[in-house]
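The exercises below ask you to reason about contacts and aromatic rings from a set of coordinates. Work through each task before reading its solution.

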Amino acid sequence: MGIGVEGLYIFTMMIVLLPVILGTLIVAPVWNIEPGMGWLYMTTAILVAVLGGLGNIKGTILASFLIGATHAVMCFVIGEPRFMNLSALILVMVILIFRPQGLARSESLW
Amino acid sequence: MGVSIQYILIYGVILGSIYLLISLGFSLICGVLRIFHLGYAYIFPLTVYGTWFFLQQLGWDLIPSILGMIAVQFAIAFSSTKAW
């Protein structure tokens, strides 16, 4: 009786795959494909989710466009595409010093 | 400033949308299930290599191969989450 917890876990794990598959199939013809491509995407996803507050959807939307703008500025204005990930990491570290729960309020576990 | 403003706007929105799609999954798992899913990186090569397998080896069209890959992904996600 009550809510089936195990069914909820399975359902959430399946629902999570849909935007990921869409995003990967969009960039697959343009960006490179190698067996080790998952590491770069996963670290970027963790960085964006941590910046926007873990578990908060509005914060993740805001943080993804912020990091996308940082990458674009680093690549085109300053002209050094080698430092894209480093600049995003420094931005996240500076923001986490002044607001450790992320941009939006994260969930109450941590 | 070597380039005009429209480069930054258009590339910022494109990159931001791609990063939003791939990080919604991680944020959803971390917020709802409270699992810091460090095994999240298996999804990306499994997507592309699974679609390529159905396209090249079995010779299907594009949409049936994408559906076959989604079925394989759901099977792996189901069998790794269910507590046998």
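**Exercise 1.** In this predicted model, find which side chain makes a polar contact with the side chain of Thr47(B), and describe the surroundings of Thr47(B).

*Solution.* Start with the polar contact: the side chain of Thr47(B) reaches that of Gln73(B) at 3.1 Å, which lies within the 3.5 Å limit for such a pair. Finally, leaving aside residues up to four places away in sequence, Thr47(B) touches Ile21(A), Thr24(A) and Leu25(A) from chain A, together with Met69(B) and Gln73(B) from chain B.

**Exercise 2.** Classify the ring pair of Phe26(B) and Phe36(B), and then the pair of Phe54(B) and Trp60(B).

*Solution.* A pair of aromatic rings is described by the distance of the centres and the angle of the planes. Ten aromatic pairs occur over all chains. For Phe26(B) and Phe36(B), the centres are 5.3 Å apart and the planes stand at 85°, so the pair is edge-to-face. This pair links distant parts of the chain, since Phe26(B) sits in helix 1 of chain B and Phe36(B) in the loop between helix 1 and helix 2, ten residues apart. Phe26(B) is buried at 1% relative accessible area, whereas Phe36(B), at 39%, is partly exposed. For Phe54(B) and Trp60(B), 5.1 Å centre to centre and 25° between the planes give a stacked pair; here Phe54(B) is buried at 12%, while Trp60(B) is partly exposed at 40%.

Notes:
Residues are numbered from 1 along each chain as its sequence is written. Chains are lettered from A and ligands numbered from 1 in the order in which they are written. This is a predicted model: local features need pLDDT of at least 70, side-chain atom pairs count only at pLDDT 80 or more; totals for chains, interfaces and linings use all residues. Side-chain values use heavy atoms; hydrogens and water are left out. Rings of Phe, Tyr and Trp (its six-membered ring) pair if their centres lie within 6.5 Å; planes under 30 degrees apart count as stacked, over 60 as edge-to-face and the rest as tilted. Helices (H or I, at least four residues) and strands (E, at least two) are DSSP runs, numbered from the N terminus. Buried means under 20% relative accessible area, exposed over 50%, partly exposed in between (1.4 Å probe, protein chains only). A polar contact is a pair of N or O atoms within 3.5 Å; within protein, one must be able to donate a hydrogen and the other to accept it, and residues adjacent in sequence count only if both atoms are side-chain atoms. Contact means heavy atoms within 4.5 Å.
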